[in-house]
Amino acid sequence: KKKIVIAIDGHSSCGKSTLAKSLARELGYTYIDSGAMYRAVTLFALRNGLIKNSKVDEEELIARMKDIRITFEWDTDTEKNTTFLNGENIENEIRQLEVSNNVSPVSTIAGVRSELVIQQRENGKNKGIVMDGRDIGTVVFPDAELKIFMTASPEIRAQRRYLELKEKGAEVDFDKILQNVEQRDTIDSGREVSPLKKADDAIVLDNSHLTREEQLQWALEMAKEII
Ligand code: C5P
(Lines give C-alpha, C1' and ligand atoms only; values in the text may rest on other atoms or scores of the structure.)
Protein backbone atom coordinates (compact mmCIF):
# COMPACT_ATOMS: atom_id res chain seq x y z
CA LYS A 1 0.00 0.00 0.00
CA LYS A 2 1.25 3.43 -0.96
CA LYS A 3 1.94 5.92 1.85
CA ILE A 4 1.00 9.52 1.26
CA VAL A 5 1.23 12.98 2.81
CA ILE A 6 -2.09 14.53 3.82
CA ALA A 7 -2.08 18.31 4.33
CA ILE A 8 -4.98 19.89 6.21
CA ASP A 9 -5.14 23.68 6.29
CA GLY A 10 -7.79 26.14 7.32
CA HIS A 11 -9.02 28.74 9.76
CA SER A 12 -8.44 28.42 13.48
CA SER A 13 -10.77 26.26 15.55
CA CYS A 14 -12.58 24.67 12.65
CA GLY A 15 -11.80 21.10 13.63
CA LYS A 16 -8.62 20.50 11.65
CA SER A 17 -6.91 18.59 14.42
CA THR A 18 -9.97 16.47 15.18
CA LEU A 19 -10.20 15.37 11.56
CA ALA A 20 -6.43 15.02 11.18
CA LYS A 21 -6.15 12.81 14.27
CA SER A 22 -8.97 10.48 13.33
CA LEU A 23 -7.63 10.20 9.77
CA ALA A 24 -4.19 9.33 11.16
CA ARG A 25 -5.73 6.70 13.42
CA GLU A 26 -7.74 5.12 10.60
CA LEU A 27 -4.76 5.01 8.24
CA GLY A 28 -2.14 4.15 10.87
CA TYR A 29 -0.27 7.37 10.06
CA THR A 30 1.68 9.83 12.19
CA TYR A 31 -0.06 13.07 13.14
CA ILE A 32 1.82 16.35 13.40
CA ASP A 33 0.20 19.48 14.83
CA SER A 34 2.15 22.32 13.21
CA GLY A 35 0.16 24.91 15.18
CA ALA A 36 1.54 23.38 18.38
CA MET A 37 5.03 24.22 17.10
CA TYR A 38 4.13 27.92 16.70
CA ARG A 39 2.48 27.79 20.11
CA ALA A 40 5.60 26.22 21.66
CA VAL A 41 7.79 28.99 20.25
CA THR A 42 5.30 31.54 21.60
CA LEU A 43 5.40 29.98 25.06
CA PHE A 44 9.19 30.03 24.97
CA ALA A 45 9.14 33.73 23.98
CA LEU A 46 6.67 34.60 26.75
CA ARG A 47 8.67 32.76 29.37
CA ASN A 48 11.87 34.44 28.31
CA GLY A 49 10.48 37.96 28.27
CA LEU A 50 10.69 38.26 24.50
CA ILE A 51 7.09 39.47 24.15
CA LYS A 52 6.00 42.70 25.75
CA ASN A 53 2.52 44.17 25.13
CA SER A 54 2.14 41.83 22.16
CA LYS A 55 5.39 43.14 20.67
CA VAL A 56 7.90 40.44 19.88
CA ASP A 57 11.66 40.95 20.10
CA GLU A 58 12.11 39.35 16.68
CA GLU A 59 15.87 39.46 16.44
CA GLU A 60 16.40 37.90 19.83
CA LEU A 61 13.76 35.23 19.24
CA ILE A 62 15.30 34.22 15.92
CA ALA A 63 18.72 34.04 17.60
CA ARG A 64 17.28 31.76 20.25
CA MET A 65 15.43 29.38 17.90
CA LYS A 66 18.44 27.06 18.20
CA ASP A 67 17.62 26.61 21.92
CA ILE A 68 14.14 25.36 21.09
CA ARG A 69 13.57 21.66 20.53
CA ILE A 70 9.98 20.64 19.89
CA THR A 71 9.01 16.97 19.98
CA PHE A 72 5.76 15.05 19.95
CA GLU A 73 4.38 11.85 21.35
CA TRP A 74 1.55 10.52 19.20
CA ASP A 75 -0.49 7.55 20.36
CA THR A 76 -2.53 6.24 17.41
CA ASP A 77 -4.94 4.13 19.48
CA THR A 78 -6.05 6.85 21.89
CA GLU A 79 -5.47 9.71 19.39
CA LYS A 80 -3.57 11.48 22.12
CA ASN A 81 -0.94 13.94 21.00
CA THR A 82 1.48 15.50 23.47
CA THR A 83 3.83 18.38 22.72
CA PHE A 84 7.20 18.78 24.44
CA LEU A 85 9.44 21.83 24.63
CA ASN A 86 13.00 20.76 25.40
CA GLY A 87 11.61 17.62 26.99
CA GLU A 88 8.94 19.33 29.10
CA ASN A 89 5.29 18.46 28.54
CA ILE A 90 3.66 21.75 27.51
CA GLU A 91 0.47 20.37 25.93
CA ASN A 92 -1.90 22.10 28.35
CA GLU A 93 -0.02 25.33 28.69
CA ILE A 94 0.08 26.04 24.95
CA ARG A 95 -3.74 25.90 24.75
CA GLN A 96 -4.25 28.77 27.22
CA LEU A 97 -5.48 32.17 26.01
CA GLU A 98 -2.19 33.90 26.80
CA VAL A 99 -0.46 31.76 24.19
CA SER A 100 -3.43 31.96 21.76
CA ASN A 101 -3.39 35.74 21.98
CA ASN A 102 0.32 35.99 21.17
CA VAL A 103 0.83 33.23 18.65
CA SER A 104 -0.20 35.14 15.52
CA PRO A 105 2.45 37.87 15.83
CA VAL A 106 5.08 35.18 16.48
CA SER A 107 4.00 33.26 13.40
CA THR A 108 4.43 36.29 11.15
CA ILE A 109 8.20 36.20 11.70
CA ALA A 110 9.93 34.75 8.63
CA GLY A 111 12.96 33.53 10.61
CA VAL A 112 10.71 31.56 12.95
CA ARG A 113 8.75 30.04 10.09
CA SER A 114 11.77 28.92 8.09
CA GLU A 115 13.14 27.03 11.12
CA LEU A 116 9.83 25.30 11.80
CA VAL A 117 9.28 24.42 8.14
CA ILE A 118 12.61 22.56 8.12
CA GLN A 119 11.46 20.49 11.10
CA GLN A 120 8.04 19.87 9.55
CA ARG A 121 9.54 18.59 6.30
CA GLU A 122 11.86 16.34 8.29
CA ASN A 123 8.81 14.86 10.03
CA GLY A 124 7.15 14.11 6.71
CA LYS A 125 10.08 12.73 4.75
CA ASN A 126 8.95 9.09 5.13
CA LYS A 127 5.34 9.94 4.20
CA GLY A 128 2.50 8.23 6.08
CA ILE A 129 1.73 11.52 7.79
CA VAL A 130 -1.21 13.85 8.40
CA MET A 131 -0.16 17.41 9.22
CA ASP A 132 -2.50 20.29 9.97
CA GLY A 133 -1.84 24.01 9.94
CA ARG A 134 -2.11 27.08 7.71
CA ASP A 135 0.56 26.63 5.05
CA ILE A 136 1.01 22.87 4.87
CA GLY A 137 -0.43 22.44 1.37
CA THR A 138 1.01 25.71 0.05
CA VAL A 139 4.51 25.93 1.57
CA VAL A 140 5.53 22.93 3.67
CA PHE A 141 4.37 20.11 1.37
CA PRO A 142 3.37 21.62 -1.98
CA ASP A 143 3.53 18.08 -3.42
CA ALA A 144 1.24 16.50 -0.81
CA GLU A 145 -0.91 13.84 -2.46
CA LEU A 146 -4.05 15.00 -0.62
CA LYS A 147 -4.79 18.57 0.44
CA ILE A 148 -7.87 19.54 2.38
CA PHE A 149 -8.84 23.14 3.12
CA MET A 150 -11.26 23.36 6.05
CA THR A 151 -13.52 26.16 7.07
CA ALA A 152 -16.64 26.96 9.13
CA SER A 153 -18.36 30.16 10.25
CA PRO A 154 -16.58 32.18 13.02
CA GLU A 155 -19.53 31.78 15.42
CA ILE A 156 -19.59 28.02 15.07
CA ARG A 157 -15.83 27.85 15.55
CA ALA A 158 -15.94 30.06 18.66
CA GLN A 159 -18.77 27.95 20.06
CA ARG A 160 -16.76 24.76 19.59
CA ARG A 161 -13.67 26.20 21.26
CA TYR A 162 -15.82 27.56 24.09
CA LEU A 163 -17.24 24.12 24.84
CA GLU A 164 -13.82 22.50 24.55
CA LEU A 165 -12.25 24.90 27.08
CA LYS A 166 -15.25 24.67 29.37
CA GLU A 167 -15.04 20.89 29.38
CA LYS A 168 -11.47 21.23 30.59
CA GLY A 169 -12.75 23.37 33.45
CA ALA A 170 -11.34 26.68 32.21
CA GLU A 171 -13.06 30.01 32.94
CA VAL A 172 -14.22 31.20 29.56
CA ASP A 173 -16.06 34.09 27.99
CA PHE A 174 -17.69 33.40 24.60
CA ASP A 175 -17.26 36.95 23.27
CA LYS A 176 -13.55 36.92 24.05
CA ILE A 177 -13.13 33.65 22.23
CA LEU A 178 -15.07 34.90 19.20
CA GLN A 179 -12.90 37.99 19.20
CA ASN A 180 -9.76 35.84 19.32
CA VAL A 181 -11.00 33.64 16.46
CA GLU A 182 -11.76 36.65 14.24
CA GLN A 183 -8.53 38.40 15.14
CA ARG A 184 -6.50 35.34 14.24
CA ASP A 185 -8.37 34.96 10.92
CA THR A 186 -7.43 38.50 9.99
CA ILE A 187 -3.78 38.18 10.95
CA ASP A 188 -3.35 34.67 9.51
CA SER A 189 -4.91 35.53 6.14
CA GLY A 190 -3.42 38.99 5.87
CA ARG A 191 0.21 38.37 6.80
CA GLU A 192 2.92 38.70 4.22
CA VAL A 193 4.80 35.47 4.90
CA SER A 194 2.92 32.26 4.12
CA PRO A 195 -0.59 33.65 4.56
CA LEU A 196 -3.44 31.26 5.10
CA LYS A 197 -4.86 30.51 1.68
CA LYS A 198 -6.26 27.54 -0.14
CA ALA A 199 -3.77 25.74 -2.36
CA ASP A 200 -5.01 25.57 -5.96
CA ASP A 201 -5.25 21.81 -5.76
CA ALA A 202 -6.84 21.61 -2.29
CA ILE A 203 -10.38 20.33 -1.78
CA VAL A 204 -12.62 22.56 0.35
CA LEU A 205 -14.45 21.12 3.33
CA ASP A 206 -16.95 23.48 5.01
CA ASN A 207 -17.90 21.57 8.10
CA SER A 208 -20.32 24.09 9.65
CA HIS A 209 -23.07 21.49 9.46
CA LEU A 210 -21.23 18.18 9.35
CA THR A 211 -20.63 15.75 12.21
CA ARG A 212 -17.13 14.50 12.98
CA GLU A 213 -18.01 11.09 11.60
CA GLU A 214 -19.33 12.56 8.33
CA GLN A 215 -16.12 14.54 7.90
CA LEU A 216 -13.98 11.48 8.58
CA GLN A 217 -15.86 9.29 6.10
CA TRP A 218 -15.62 12.00 3.44
CA ALA A 219 -11.87 12.40 3.96
CA LEU A 220 -11.26 8.65 4.05
CA GLU A 221 -12.96 8.33 0.68
CA MET A 222 -10.70 11.04 -0.73
CA ALA A 223 -7.62 9.31 0.68
CA LYS A 224 -8.62 5.86 -0.53
CA GLU A 225 -8.93 7.10 -4.10
CA ILE A 226 -5.22 7.91 -3.97
CA ILE A 227 -3.89 5.11 -1.81
O1 C5P B 1 -3.65 25.50 14.69
P2 C5P B 1 -3.54 26.44 15.85
O3 C5P B 1 -4.75 27.30 16.01
O4 C5P B 1 -3.13 25.77 17.12
O5 C5P B 1 -2.34 27.41 15.44
C6 C5P B 1 -1.99 28.48 16.26
C7 C5P B 1 -1.45 29.64 15.41
O8 C5P B 1 -0.22 29.25 14.81
C9 C5P B 1 -2.34 30.09 14.26
O10 C5P B 1 -3.27 31.07 14.64
C11 C5P B 1 -1.33 30.66 13.27
O12 C5P B 1 -1.04 32.00 13.59
C13 C5P B 1 -0.08 29.85 13.53
N14 C5P B 1 0.18 28.80 12.56
C15 C5P B 1 0.82 29.14 11.38
N16 C5P B 1 1.16 28.18 10.48
C17 C5P B 1 0.85 26.90 10.70
C18 C5P B 1 0.17 26.52 11.87
C19 C5P B 1 -0.17 27.52 12.77
O20 C5P B 1 1.11 30.31 11.16
N21 C5P B 1 1.21 25.97 9.80
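Is His11 buried or exposed? His11 is buried, because 22 other C-beta atoms lie within 10 Å; a residue is called buried if 20 or more other C-beta atoms, placed from the backbone, lie within 10 Å of its own, exposed if 12 or fewer, and partly exposed in between. The model is predicted, so local features need pLDDT of at least 70 and side-chain atom pairs count only at pLDDT 80 or more, while totals for chains, interfaces and linings use all residues. Residues are numbered from 1 along each chain as its sequence is written.

His11 sits in the loop between strand S1 (5-10) and helix H1 (16-27). Helices (H or I, at least four residues) and strands (E, at least two) are DSSP runs, numbered from the N terminus. Beyond the neighbours within four places in sequence, His11 is in contact (C-beta atoms, placed from the backbone, within 7 Å) with Thr151, Arg157 and Asp185.

The UniProt annotation "binding site", from an unreviewed entry, includes His11 and Ser17; such annotations may be inferred rather than shown by experiment, and their positions are given in the numbering used here. Ser17 belongs to helix H1. Ser17 counts as partly exposed because it has 19 C-beta neighbours inside 10 Å. Leaving aside neighbours within four places in sequence, Ser17 is in contact with Asp33 and Asp132.

Next comes the ligand. Of the 14 residues around the ligand, Gly35, Tyr38, Ser107, Gly133 and Arg134 come nearest; a residue is near a molecule if its C-beta atom, placed from the backbone, lies within 6 Å of it. Helix H2 (34-47), helix H4 (97-107) and helix H8 (174-190) each supply at least two residues of this shell, and H2 gives the most, with four residues.

The last stop is helix H5. Helix H5 (residues 110-123) has 14 residues, which at 1.5 Å a residue should span 20 Å, and its end C-alpha atoms are 20 Å apart, which agrees; the expected span is 1.5 Å times one less than the number of residues. Its buried residues are Val112, Arg113, Leu116 and Gln120. They cover an arc of only 90° around the axis, so they lie on the same side of H5; the arc is that of the directions from the helix axis to the C-beta atoms. An α-helix has 3.6 residues a turn, so residues three or four places apart point the same way. The buried residues of H5 pack against strand S2 (30-33), H2, helix H3 (58-64), H4, strand S8 (129-133) and helix H6 (136-140). The face turned away from the buried side of H5 carries the exposed residues Ile118 and Glu122.

How values were computed: Two residues are in contact if their C-beta atoms, placed from the backbone, lie within 7 Å.
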